[in-house]
Amino acid sequence: MLLDIYDPKAPPKPIGIDLGTTNSIVAHVRDGRPVALTTCDGTALLPSIVYYGDHGAVVVGASARSYATRAPTRTIASVKRFVGRGMDDPQIRLLGAYRFVEPASAEAARTVRFDVGERSVSPVEVSADILRSLKKSAEDQLKAIGGVVITVPAYFDDAQRQATKDAGRLAGLEVLRLLNEPTAAALAYGLETRSNGLFAVFDLGGGTFDITILVLDDGVFQVRSTGGDSALGGDDMDRLIADRILVAMGFAAAGVSAGGGEAVDAPPAEVVSLALESARRVKHALTEVTESLLELPRRGGGTAEFRLTRDELDALILPLLERTGRACRRALRDAGVEPSAIDGVILVGGSTRMPRVRSYVQEIFGQEPLGDIDPDLVVACGAAVQAALLVNQSDEVLLLDVLPLSLGVETMGGGVDRVLPRNTTIPAGAKSVFTTFADDQTGFEIHVVQGERELAQDCRSLARFTLKGIPPMSAGMARLEVHFYVDENNLLAVRAVELTTGIEQKIEVVPSYGLTDEQIEDMLIDAIDHGDEDLEARRLADGRVEGQRILLATDKALATDPDLLATEERAAVDRAAAALREAIAGARKASTIQGAIAELDRATHDWAGRRMDRAMKAAIAGKRLGDVAAEVQGAAGVDAHVAAHEIARAGRPPPGGS
Amino acid sequence: MADAFDTLELQPEYDLDLGAVEALHRELSRTLHPDRHAGKPAAERRAALSRAIEVNEAWRALRDPVRRAEVLLTRHGVPVGENREPVGDPALLMEMMEQREALAEARAARDLPAVRRLATEMRARDAAVQSALALGFVEFMGATSGATVDPAVRRDELLRKLGELRYVRRFLEEVGEIEDLLG
């Protein structure tokens, strides 16, 4: 869905967005280098906080933070921890000043909703509000913006990714790609420093932790393994400190009690909010000094003193760090490497500023982490680079990422039949065959789960669907083939076919947590006061642009691979192309253009396959030739590599500049 | 149907130069990866995506010593998969059970050095079984093209070795999990 009006005079500029738990950043590539743009707060970092006021007022960023203690339940911070999660998630019960909407049904309980006074909002909507603010800042500075690459934690599961993409679409952005945060960081670092070798990216943010082991090899960024915890970060440290602060203020330690007030001695939301905010300040202070002293209001009047030393903080957070250590060891094992083989450790995320985090990383990898990287900005910069690469169709950089969590299907006994293991290179596909277990069974329920645990109930439930209409057969006769596809964004699609009858069903994994296209559209119409007509006008303009692009690509293909088309096929392609040209020139409705695009798509389907086979064969033949040449040439290959790199760097800036 | 060797246009052999296959996989990824086809017509993106998936799957199968053996056997019409192969050698079964018990004990005692000792032994065995498989496949493929030894004998020997490799690999997987926990 491309919702920006095309302006031929100012080519839209691609942007990258790091949608963080604590801060969000938007960046773009200017003169060949990624730079972070100034947000509405006047700085690069926009606090990921949204305040919902009366009469639909929405405030994002630092100004929203000032409402946190005054109107805690109307101020949503760290929304990323709730993205793609249901009311049954343990996140809900952690200390926080949120007021959740009591779900009316099991269906409603699949998505968290925050009660913000006048209305309620979902994590997708809150995320969209943050993205909208970033989009506006980018538009103010770049005029027209094009597609966007949004980063997500590598360890995000399918539901969390789907929800992030939905938030982007809801904000009116054309989401080119979801990119894993550690991979984005490696991309920015690797291209800037022209490094080659084996790297570890240790990314500890406000709410998520990722560890990624990857190889950098002349523009190839190949992820070997990834691991982490999508609910582990600086927020958890804040909560541990806040617990102590609450005790000092005269409240019982909150522990796991929610801010909602159902526990007997639960502190009010305002107090929880104050404790969390103070905890954050103490934590930050202890990065510079070794002791921090705070004065706080005491319950029942007077003031309370709260003192914390760096040593105490270090001891407090050690259990959290040990969780990162386990994930690091597993990632190293999955990659098949020893810590000593790592050439450099890249630190990402604000929490890696803490001295104890740095020393812990050093203990695990046996080396000092690299020091010349801004842990706050590097992810957004990588996203901006990737956006520019995608739009410019550069072929000097290749990102090969992996599936972070195994995908499987629940078996009869409640176990999991693993279909795609974690750390499989994406895009990936696999199939699994199941048989009926009862005579005359006409339906088959498939439960798709994601995770490493043995039992399906302990994994993340992604989708449940039933394949119906199987003709009655004796048990074990009907055979069901389930295909899984994971695309480059790590998003899943499932297709099931009953083999004896050929009954097929395509499963949208979306509706379980995410939103359908229609829902997004409805919300867009509501959100941006444009109404139906305006949306149709935009769609028509977008359709024209898309159609032109496809015609251009088709002409190019006709020039290079005309021999792969049979005479009657060629005639069909020419007819469909002419029809599309006509539709672009004269159509009044977007659907007419889309129909012509679909027709040309059908006419070129088989041909596209043959062209891709030819490209594959050429790549294989080229590789063989290259191997022979490399043996003969010896040292000359190094120069060629360097030269190729120069081209890669020169090719990166987008046209136009700003 | 095209198998992993066909997809990558490689000679069907057990003893592969994995470094060269990885380089080939990268080269093909440069051509096929969806990022290369962003903004192109849907037909082209679909064609590239399905081939990228095939190439990734082929590389995943070939770099795994168990799956590589399975692909080769399937190529020669030998059914593979744990329910379709003959039941393993009882002596091997017994030995593996003992090894796993020793591992479970070391785990319970949180005795990391003992776990590592067991792992070292098993890694040596892993290498030995893979060498044996490489040799076995050369002989088997020679035998199928009309040599003196009965191909069925060679085949059964290969299947036994494959069964052993499965045990060894599963054992090493468990070692890894224990190391993450105790390390």
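Let me start with two helices of chain B, α5(B) at residues 90-108 and α7(B) at residues 151-182, whose axes come within 11 Å and cross at roughly 0°. Axes here are lines fitted to C-alpha atoms, for helices over the stretch in contact, and angles run from 0 to 180 degrees between N-to-C directions. Helices are DSSP runs of H or I with at least four residues, strands are E runs of at least two, and both are numbered from the N terminus. That crossing angle makes α5(B) roughly parallel to α7(B), a label for angles under 35 degrees.

This is a predicted model, where local features need pLDDT of at least 70, side-chain atom pairs count only at pLDDT 80 or more, and totals for chains, interfaces and linings use all residues. Residues are numbered from 1 along each chain as its sequence is written, with chains lettered from A in the order in which they are written.

Contact means C-beta atoms, placed from the backbone, within 7 Å. On α5(B) the residues include B:L92 and B:M96, and on α7(B) they include B:Y167 and B:F171. Together the contact residues are seven nonpolar, one polar and four charged. Nonpolar covers Ala, Val, Leu, Ile, Met, Phe, Trp, Tyr, Cys and Pro; charged covers Asp, Glu, Lys and Arg; the others, Gly among them, are polar.

Now the two chains. Their contact takes 34 residues from chain A and 34 residues from chain B. On the chain A side, α13(A) gives the largest share, 11 residues. By class, that side has 17 nonpolar, seven polar and 10 charged residues.

Notes:
Parallel < 35°, antiparallel > 145°, perpendicular 65-115°, else oblique. Contact = placed C-beta atoms within 7 Å.
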